[in-house]
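Please work through each task before reading its solution.

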Amino acid sequence: MMMDIFMRRQALILGMLSLVTIVVLWQLVVDFGIVNPFFISTPGAVWQEFLVQLNDGSLLTNILATLYSFALALGLAVAVGIGLGMLSGWFQDVEAALEPFIWFKYSAPTVAFYPLFIAWLGYGTPTIVAIAFLFALTPIYANTLSGIKNVDRDLKRAAISFGARPYDIFFRVALPGSVPVIVAGLRLGVGRALTGVVVAELFGANAGLGYSIAYYAQMLQTNRMMVPIVTVILLGVILTQALSYVEKKTDAWRVTHDN
């Protein structure tokens, strides 16, 4: 019975054990004097400070500010990335026209555009959203493009042999077949969008987890700084794991759909 539970929940159990191991090692390296607690704090001190920031409302305010920018950036990246990816995957001319811009953006460090966005959009949410949008756009676009282009050719031939029009092939064959790949791109995009928001908040914001990290770092308040850092990590894990769950479901749906 216990073995069956372990096999069903193996990934969750191993993940929790890894998390506990990290926390224990974190505490031990401080207790044994390997690292000065001034630089990394301790799990107990971070937990106490977490409760303080939670009670005074500052942590919730910063989380909501970060999630607001994150939702806007990811929503834009999803709409633009999937839209352009579908067009590029279906029409070679569109892919050829967009490819130089997409891969230039992919190869160039996105943070380098920060001064330009500050000049164009000013400090605050618009610049943060723009930076995070650029962070998330490429994986969503690339996965959508790959999913549409690499649809099962046998299914396309079968559809054509039954008189399907290009419109029918796209919506009944290419799009359903590419859903798991698109969702995989969304999972990558979620992580990159969160990274983009936090990075942008580090440089120019008046609220958000990235802002609080930078603020407490400047004040040399390690305990307080570690709270938003740990919160960002937990948010990233929760969001990416949620998309991983959706990815598994869509992959199973594709197998059922193909059969």
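A crossing is left-handed if the near helix is turned anticlockwise from the far one by less than a right angle, and right-handed if clockwise. The model examined here is predicted.

**Exercise 1.** Determine how many helices and strands the protein has.

*Solution.* Assigning the elements gives twelve helices and zero strands. Of the 259 residues, 37% are buried. Among contacts between residues at least 6 apart in sequence, 72% join residues at least 24 apart.

**Exercise 2.** Describe how α5 and α6 pack, and state which residues meet.

*Solution.* Step 1: helix α5 spans residues 58-90 and helix α6 residues 92-107; they pack at an angle of about 125°, with their axes 5 Å apart. Step 2: because of this angle, α5 is oblique to α6. Step 3: the crossing of the two helices is left-handed. Step 4: from α5, Leu-84, Leu-87, Ser-88 and Trp-90 meet Gln-92, Val-94, Glu-95 and Leu-98 of α6. By class, this contact has five nonpolar, two polar and one charged residues.

**Exercise 3.** Identify which residues have the most contacts inside the largest nonpolar core, and which element gives the largest share of this core.

*Solution.* Step 1: the largest nonpolar core has 44 residues, and those with the most contacts inside it are Phe-70, Leu-74, Ile-82, Ile-131, Ile-140 and Leu-209. Step 2: the elements that give two or more residues to this core include α2 (10-31), α5 and α10 (166-203). Step 3: the largest share, twelve residues, comes from α8. Step 4: not counting residues up to four places away in sequence, Phe-70 touches Val-190, Ala-193, Leu-194, Val-197 and Leu-239.

Conventions. Residues are numbered from 1 along each chain as its sequence is written. This is a predicted model: local features need pLDDT of at least 70, side-chain atom pairs count only at pLDDT 80 or more; totals for chains, interfaces and linings use all residues. Side-chain values use heavy atoms; hydrogens and water are left out. Axes are lines fitted to C-alpha atoms, for helices over the stretch in contact, and angles run from 0 to 180 degrees between N-to-C directions. Helices (H or I, at least four residues) and strands (E, at least two) are DSSP runs, numbered from the N terminus. Angles under 35 degrees count as roughly parallel, over 145 as roughly antiparallel, 65 to 115 as roughly perpendicular and the rest as oblique. Contact means heavy atoms within 4.5 Å. Ala, Val, Leu, Ile, Met, Phe, Trp, Tyr, Cys and Pro count as nonpolar, Asp, Glu, Lys and Arg as charged, and the others, Gly among them, as polar. A nonpolar core is a set of buried Ala, Val, Leu, Ile, Met, Phe, Trp, Tyr and Cys residues joined through side-chain atoms within 4.5 Å. Buried means under 20% relative accessible area, exposed over 50%, partly exposed in between (1.4 Å probe, protein chains only).
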